[in-house]
Amino acid sequence: MTLMTQRFHCAGVNCLAVLKPSKPDNSSYLFTGSRDGTLKRWELNEEDATCSATFESHVDWVNDAVLVGGNTLVSCSSDTTVKAWDCFSNGTCTRTFRQHTDYVTCLAAAERNGNIVASGGLCGEVFIWDVEAALAPVTKSGEAADEDRSSSTNGSGISSLRTIGSSNNISMQTSLPQGYVPISAKGHKESVYALAMNDTGNVLVSGGTEKAIRVWDTRTGSKMMKLRGHTDNIRALLLDSTGRFCLSGSSDSMIRLWDLGQQRCVHSYAVHTDSVWALASTPTFSHVYSGGRDLCLYLTDLATRESILLCTEENPIQQLAMHDDSIWVATTDSSVHRWPAEGRNPQKVFQRGGSFLAGNLSFSRARASMEGSTPVPVYKEPTFSIDGIPGIIQYEILNNKRHVLTKDNAGSVKLWEITRGVVIENYGQVSFEKKKEELFEMVSIPSWFTVDSRLGNLSVHLDTPQCFSAELYTMDLNITEKPEDDKINLARETLKGLLAHWLSKKKHKLGSHPLANGELPPGRDISTRSITLSKVEVDGTPENDSKVYPPFEFSTTSPPSIITEGSHNGPWRKKITEMDGTEDDKDFPWWVLDCVLHNRLPPRENTKCSFYLQPYEGSTTQTVTQGKLSAPRILRIHKVVNYVLEKLVLDKPLDSLSIDGTFAPGGGDGSFRSGLKPWQKLKPSIEILCNNQTGLDT
């Protein structure tokens, strides 16, 4: 799969993490994780934010991220992995953990203990990680032991991981050092959506669709208590520094304060009119900031129950992060906003007036909202914004199977050229349906790729053998330096173009070029499976045939990313320009390497299509001697026209197809490429219809 990537986030931002400077003169950093599958590091100055690194390795939504130990960023994703990153690098992933079996939805870290992280996800899985042990170097003997353990436990043991080194190269390792297994906190019967930990990391709380909060001892993974009170999914949790008090936000629209010592709910706050998805507290745990599906950010005094509406966003609020006297707000939009919060002295906000007393029943706020007493926000505009770009929400693969029409959430309609990975037309805010009708072409080409927009960008999927089913003539691709009847396989040339820079770097690293027949030097077999394939393509074209065209060109300024999976371990993701040729061949599918390195395609049936030529109903055209014919997978209609003309004008016996699938007239020179024949100079008028459509190429 290839992704048309962007410099900014192009999908909703799910998580935030603020790294404050270790020295007064240093910059602060904001880390953002998005539904586009990437994390970004923003260097924050007075009124400026610069994207100084993109962390790209997850292959699905990034759901949460936490900072541990001052220099490690830990993220989790719907791709079922937890990843550790060097947060000051240019995007270096130091370890990938594949312990979870389903989406990983949330993380928790201890403020004063940089050695512990907890992860939670679907299927009720909660794991507690010793960061130092988990990130320890993997020994060779440990690899073998972990591989044996993984296979013998049928997925319940340690799974594999992938490491991207300091040069961002891909190398393969097992998931964890020998002997280390994360602690499993077992007890959830349903999915987990929220985690929180106290400062020292000895108390962990979790919540989810069971509507109950579970409290764990992180040293053993044992359950300490279970707290009930919410009536819907628990989406956000906070613990105070001591681990005594817990705040929870739920899809039932309520915020609850729990005393873990008394094992009960001591206060309920009816502030929101819809699901509460995000919580953040002041350093003293005296006030809570809350946001959610109702687009509102509230500040609530936990002691007096006084609440005030700080601001409203244009989209549902996903996560909050305190930064001195400000608060960063992430929403389902690709932009991030910073609002005033008076985090050090929140009473300043209440002095502005407009506060209300939070009720303790969820319907009280909803009723007040219906009665027209919705509070007026204190702040109208954020003090600063990190803008994202619109994400793709609608797409259509056009009939020519090279162009895709897209529409983003700003209403802009664009036309993409898949074989080059670029936008070739930006139509602006026009009707998507009308533009699709305008671009319709009466052509029939096999589907060789699929697309989706789950990550906010255009994701193009290629899979063998169907991706090699589409061919076009050179004249259709405006390739003038080759005979117009030569056929080009779209997937082959697209893959060659996509990996052209990688292949060039790979040749340079090897210190020699491939041999004449496309083989690599001895000792560099790409895989057992690929080198056993036939040397001749089933089309009858030798693999070193001269009919090899320049690869389609992809942009190096806005390069696409590749998501793929090799012969061992899980999928990986990387920009094509960051691949330096040292990647392990086993990281790639065998059929991709066989295509790019050897110019070979997977075996396929040499199928032909049968069709009939008959006079049009009601016409005076005479019947062709024999109307049943066959053709290869693609055939230009003008060849059929020429055939019919010759048969009608010269009335010759039925001719057969030549080996390459073109029509060859009997008694002639066997080709239509060598000038006009006498009967062609007569220019008779013949029209071929297929399903009552004129001029269809098939």
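This is a predicted model: local features need pLDDT of at least 70, side-chain atom pairs count only at pLDDT 80 or more; totals for chains, interfaces and linings use all residues.
Residues are numbered from 1 along each chain as its sequence is written, local features need pLDDT of at least 70, side-chain atom pairs count only at pLDDT 80 or more, and totals for chains, interfaces and linings use all residues. Side-chain values use heavy atoms, with hydrogens and water left out.

Strands are DSSP runs of E with at least two residues, and helices are runs of H or I with at least four, both numbered from the N terminus. Two strands pair if DSSP finds at least two bridges between them. Four strands form an open sheet in the order β16-β17-β18-β19, with antiparallel pairing. Its edge strands are β16 (192-197) and β19 (222-228), each pairing on one side only. From one strand to the next, the twist averages 20° (axes are lines fitted to C-alpha atoms; angles run from 0 to 180 degrees between N-to-C directions). Antiparallel pairing of β16 with β17 (residues 203-208) spans 5 bridges. Here Met197 stands opposite Leu204 of β17.

Strand β6 (residues 62-68) is largely enclosed by the rest of the structure, because 6 of its 7 residues are buried (under 20% relative accessible area with a 1.4 Å probe, protein chains only; exposed is over 50%, partly exposed in between). β6 runs antiparallel to β7 (residues 72-77), joined by 6 bridges. Val66 has Val74 in β7 as its bridge partner. The two strands, β6 and β7, form a hairpin with 3 residues between them. In the turn, Gly69 has a positive phi of about 65°.

Residues 26-52 are 0% helix and 67% strand, with end C-alpha atoms 15 Å apart. Residues 97-132 are 6% helix and 61% strand, and their end C-alpha atoms lie 14 Å apart.

The whole structure holds 12 aromatic pairs (rings of Phe, Tyr and Trp, the last by its six-membered ring, with centres within 6.5 Å; planes under 30 degrees apart are stacked, over 60 edge-to-face, the rest tilted). The Tyr298 and Phe356 rings are edge-to-face, because their planes stand at 85°, with centres 5.9 Å apart. Tyr298 lies in β26 (residues 296-301) and Phe356 in β31 (residues 356-357), so the pair ties together parts 58 residues apart in sequence. Both Tyr298 and Phe356 are buried. Ring pairs also link Phe31, Phe55 and Trp85 into a cluster.

Charges also sit over rings (NZ of Lys or CZ of Arg within 6 Å of the ring centre and within 35 degrees of the ring normal). The charged end of Lys435 lies over the Tyr427 ring, 4.0 Å from its centre. That of Arg454 lies over the Trp61 ring, 4.6 Å from its centre.
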